[in-house]
Amino acid sequence: MTQQKRALLFLAGATMVGMPILGAVIAWIFDVDLQDRWIGPAPILVQLAVGVLMGLLAGFSARFIISRDFMRSVRLKYARMFGNLDLSLSEVMFIAVCAGFGEELLFRGVIQPLLGIIITSVLFVAIHGYLNPKDWRVSVYGLFMSAVIFGFGLATDFFGIWSAIIAHTLVDVILLLDLGDEGESDLAI
């Protein structure tokens, strides 16, 4: 296993553990009701179904956008960044589950009740580096992802956080698998 792959897998695990811990601290400081956020207003099966539908739609839409000719420079940039990681299916699943769970618990579970859906969505996409005034192509993808993440925020409020966790995980699985299929990196969230 390469050092780069080891670092990516470590970062995924740190996301799974660290972001929920950070979220718990923020929730404690600002008195966010985590139990209410964890359970959600809809039954778990409804949350899972909504998450699957949103994740598939968003993932394949993102894949379509990033595959356009005008996005070639962005694909090549991320291909150079990630190199030839040659991720196995289990590694892709691990990375996607860690990101989906850890990031959604922090952003949709804790930050969104404090800052609202719009600010949280833009903050989430900006932290991922997809709003770049120096590269309009990355920003095109970032605007699309802002809308997707806004949708995850709405799903969390209307159905529950598990819809966002599942959707996020599926988007990452679709894009990371595409990374291996194409030999060029696509953008995962």
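The model is predicted, so to speak of local features we ask for pLDDT of at least 70, and side-chain atom pairs count only at pLDDT 80 or more, while totals for chains, interfaces and linings use all residues. Residues are numbered from 1 along each chain as its sequence is written, and side-chain values use heavy atoms, leaving out hydrogens and water.

Let us start with helix α1 (residues 3-30) and helix α5 (residues 89-115), whose axes come within 9 Å and cross at roughly 20 degrees. The two are therefore roughly parallel (angles under 35 degrees). By class, their contact has 20 nonpolar, 4 polar and 3 charged residues.

Now for the rings: the whole structure holds 7 aromatic pairs (ring centres within 6.5 Å; edge-to-face means planes over 60 degrees apart). Phe107 and Phe124 make an edge-to-face pair, 4.9 Å centre to centre with 90 degrees between the planes. Phe107 sits in α5 and Phe124 in helix α6 (residues 117-127), 17 residues apart. Both are buried (under 20% relative accessible area, with a 1.4 Å probe and protein chains only). Phe124 also has Arg108 over its face, 4.9 Å from the ring centre (CZ of Arg within 6 Å of the centre and within 35 degrees of the ring normal).

Tyr130 and Tyr141 have ring centres 5.2 Å apart and planes at 85 degrees, so this pair is edge-to-face. Tyr130 is buried at 5% relative accessible area, and Tyr141 is buried at 0%. Finally, look for Trp38, Phe101 and Trp162, which ring pairs link into a cluster.

Conventions: Axes fitted to C-alpha atoms, helices over the stretch in contact; angles between N-to-C directions. Helix = DSSP H or I, 4+ residues; strand = E, 2+ residues; numbered from the N terminus. Parallel < 35°, antiparallel > 145°, perpendicular 65-115°, else oblique. Nonpolar A, V, L, I, M, F, W, Y, C, P; charged D, E, K, R; others polar. Phe/Tyr/Trp six-rings, centres within 6.5 Å; stacked < 30°, edge-to-face > 60°. Buried < 20%, exposed > 50% of the residue type's maximum accessible area, 1.4 Å probe, protein only.
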